[in-house]
Amino acid sequence: VTVKLSKISIGLTVLLLTACTAPNYSEPVAPTKIVDGTEILTINGNVIEVTEDNVIRVRVPRKGDYIENGIKINKDGVIEVALAAIEVPTKDMPLGDVMHETTTALLEGQDITLEVAQEELSNTAELIEGYIYVGEESKRIQDILLENGMAIVDKASPYYDVYSKELERFETAAKNDQLGVWAFEGFITLSNEFDETFTTIAHDLEKQADVIQQKMKENGWTLQ
């Protein structure tokens with residue numbers, strides 16, 4: 001079952017995405033900061049793609065080189081990022097299509113700020129975990145997905161503790177409202193993971209997709 005979601009633009013009261021300018025790819029990398037004892041590297045970039053498996057491809061400064069001491073950039077100046085500290089439904093799970101289409105609408109083509117833990121720079125894998133902020137008010141994409149029931153917190157993530165209180169607050173709000181993934185009894189296990197064997201019917205999926213869209217409107221999002 002495929003649930004379609006209209007292209008999303010941001011209301012002025014929440015985010016303004018249309019006025020962003022392209023990043024200067026020759027600019028230096030921003031200095032690190034400390035968040036709850038974790039050293040964070042901040043990188044500006046532009047999202048060129050959200051892949052089918054929800055990898056965020058970001059074009060960043062210093063094309064064809066390393067950033068600081070570790071993140072490898074390919075010849076096109078692109079790094080691949082997984083959203084830290086959350087789990088999202090895959091395309092073959094309930095609301096997986098809605099989540100993917102929402103994330104694509106919010107991020108693709110937009111200038112963003114990426115936060116990466118300094119220790120992640122020692123990771124030799126091509127895919128890195130990070131927090132992504134978008135818009136003039138720097139709204140964290142993890143928060144948006146959690147508060148609208150399109151993600152759950154991943155306490156096993158090594159970077160969960162950095163913003164754990166905020167992440168849990170957004171998840172709890174969606175859970176209490178039985179919004180999104182929380183609307184389907186049994187989809188989230190007692191250990192707060194997706195039950196990959198869970199199935200539902202098309203009518204229930206379409207109904208919940210409509211509920212999510214309405215909730216996002218209430219939060220200041222404008223759907224086209």
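Trainee: Which residues does Gln208 touch, not counting residues up to four places away in sequence?
Mentor: In this predicted model, Gln208 touches Leu95, Gln178, Leu179, Gly180, Ala183 and Phe184, with residues up to four places away in sequence not counted.

Trainee: And where does Gln208 lie?
Mentor: Gln208 lies in helix H4, which covers residues 202-218.

Trainee: Is Gln208 buried or exposed?
Mentor: Gln208 has a relative accessible area of 8%. Buried means under 20%, so Gln208 is buried.

Trainee: Changing topic: what volume does the largest pocket have?
Mentor: The volume of the largest pocket is about 300 Å³. It is lined by 19 residues, and those closest to its centre are Asp53, Leu83, Ile86, Glu87 and Val88.

Trainee: Which elements give two or more residues to that lining?
Mentor: They are strand S7 (78-83), strand S8 (86-87) and strand S10 (127-134).

Trainee: How does the lining of the largest pocket divide by class, and how many residues are charged?
Mentor: Six are charged, 10 are nonpolar and three are polar.

Trainee: What about cavities: how many of 30 Å³ or more does the structure hold?
Mentor: The structure holds one cavity of 30 Å³ or more. The largest cavity has a volume of about 40 Å³.

Trainee: Which residues line the largest cavity?
Mentor: Its lining consists of Ile40, Ala84, Glu115, Val116, Ala117, Glu129, Gly130, Tyr131 and Tyr159. Strand S9 (111-117) and S10 each supply at least two residues of this lining. By class, six lining residues are nonpolar, one is polar and two are charged.

Key: Residues numbered from 1 in each chain as written. Predicted model: local features only at pLDDT ≥ 70, side-chain atom pairs only at ≥ 80, totals over all residues. Heavy atoms only, no water. 1 Å grid on protein atoms, 1.4 Å probe; cavity = no way out; pocket = protein on both sides within 12 Å on 5 of 7 lines; lining within 4 Å. Points joined across faces, edges and corners; volume = space filled by probe spheres on them. Helix = DSSP H or I, 4+ residues; strand = E, 2+ residues; numbered from the N terminus. Nonpolar A, V, L, I, M, F, W, Y, C, P; charged D, E, K, R; others polar. Buried < 20%, exposed > 50% of the residue type's maximum accessible area, 1.4 Å probe, protein only. Contact = heavy atoms within 4.5 Å.
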